Amino acid sequence: MPESSRIPFKEMCERFDVSPRTLLYYEYIELLSPDRQGRARFYGPREIARMKLILRGRRFGVSLEEVRQWL
């Protein structure tokens, strides 16, 4: 995947207005799986699309377990 289509952890938090803790939690429960280079995390188009679905679902009151089933 080209470097330009991936965004780093901090930018992902800013773009979606979520805390680092939230982003790490979504990774922990396997809703997101960023690429890693050492300790750095990078989010590509797939992860960005998944994040949009997660947040859209949450906005409409869908549980994270239901979101997991969608994904």
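Two strands pair if DSSP finds at least two bridges between them. The model used in these exercises is predicted.

**Exercise 1. The sheet**

Find how many bridges join β1 to β3, and give the strand order of the sheet.

Solution. 
- Step 1. Count the bridges: 2 of them join β1 to β3. The cut-off is at least two, so these strands pair.
- Step 2. Take the direction. β1 and β3 run antiparallel.
- Step 3. Pro8 has Phe42, in β3, as its bridge partner.
- Step 4. Write the order. The sheet is open, has 3 strands and reads β1-β3-β2, with antiparallel pairing.
- Step 5. Name the edges. β1 and β2 (35-37) are the edge strands, as each pairs on one side only.

**Exercise 2. The two sides of α1**

Determine which residues of helix α1 are buried, and where they lie around the axis.

Solution. 
- Step 1. List the buried residues of α1 (residues 9-16): Met12, Cys13 and Phe16.
- Step 2. Check the arc. These residues span only 100 degrees around the axis, so they sit on the same side of α1.
- Step 3. Turn to the face directed away from the buried side. Lys10 and Glu14 are exposed there.
- Step 4. Ask what covers the buried residues. The cover includes β1 (7-8), α2 (20-28), β3 (40-43) and α3 (45-59).
- Step 5. Look just past the helix.

**Exercise 3. The core around Met12**

Identify the residues with the most contacts inside the largest nonpolar core, then list the contacts of Met12 beyond four places in sequence.

Solution. 
- Step 1. Size the core. The largest nonpolar core holds 17 residues.
- Step 2. Pick those with the most contacts inside this core: Met12, Leu23, Tyr26, Leu32, Met51 and Ile54.
- Step 3. Assign elements. α1, α2, α3 and α4 (64-70) each give two or more residues to the core.
- Step 4. Follow Met12. With neighbours within four places in sequence set aside, Met12 touches Ile7, Leu23, Tyr43, Glu47, Ile48 and Met51.
- Step 5. Nonpolar side chains tend to be buried together in soluble globular proteins.

**Exercise 4. Aromatic pairs**

Classify each aromatic pair in the structure by its ring geometry.

Solution. 
- Step 1. Count. The whole structure has 2 aromatic pairs.
- Step 2. Take Phe9 and Tyr43. Their ring centres are 6.5 Å apart and their planes are at 40 degrees, so this pair is tilted.
- Step 3. Locate the partners. Phe9 is in helix α1 and Tyr43 is in strand β3, so the pair ties together parts 34 residues apart in sequence.
- Step 4. Tyr43 has 0% relative accessibility and counts as buried.
- Step 5. Take Tyr25 and Tyr26. Their centres are 6.5 Å apart and their planes are at 50 degrees, so this pair is tilted.
- Step 6. Tyr25 is partly exposed at 42% relative accessible area, whereas Tyr26 is buried at 7%.

**Exercise 5. Arg6 and Gly44**

Decide whether Arg6 and Gly44 are buried or exposed.

Solution. 
- Step 1. Locate Arg6: the segment before β1.
- Step 2. Apply the cut-off. Buried means under 20%. Arg6 has a relative accessible area of 11%, so Arg6 is buried.
- Step 3. Find a partner. The Arg6 side chain makes a polar contact with the Asp35 side chain at 3.4 Å.
- Step 4. Locate Gly44: the loop between β3 and α3.
- Step 5. Apply the cut-off again. At 5%, Gly44 is buried.
- Step 6. Relate Gly44 to Ser33. They are 11 residues apart along the chain, and their C-alpha atoms are separated by 9.7 Å.

Conventions
Residues numbered from 1 in each chain as written. Predicted model: local features only at pLDDT ≥ 70, side-chain atom pairs only at ≥ 80, totals over all residues. Heavy atoms only, no water. Buried < 20%, exposed > 50% of the residue type's maximum accessible area, 1.4 Å probe, protein only. Helix = DSSP H or I, 4+ residues; strand = E, 2+ residues; numbered from the N terminus. Arc of directions from axis to C-beta. Contact = heavy atoms within 4.5 Å. Polar contact = N/O pair within 3.5 Å; in protein donor to acceptor, adjacent residues only side chain to side chain. Core = buried A, V, L, I, M, F, W, Y, C linked by side-chain atoms within 4.5 Å. Phe/Tyr/Trp six-rings, centres within 6.5 Å; stacked < 30°, edge-to-face > 60°.
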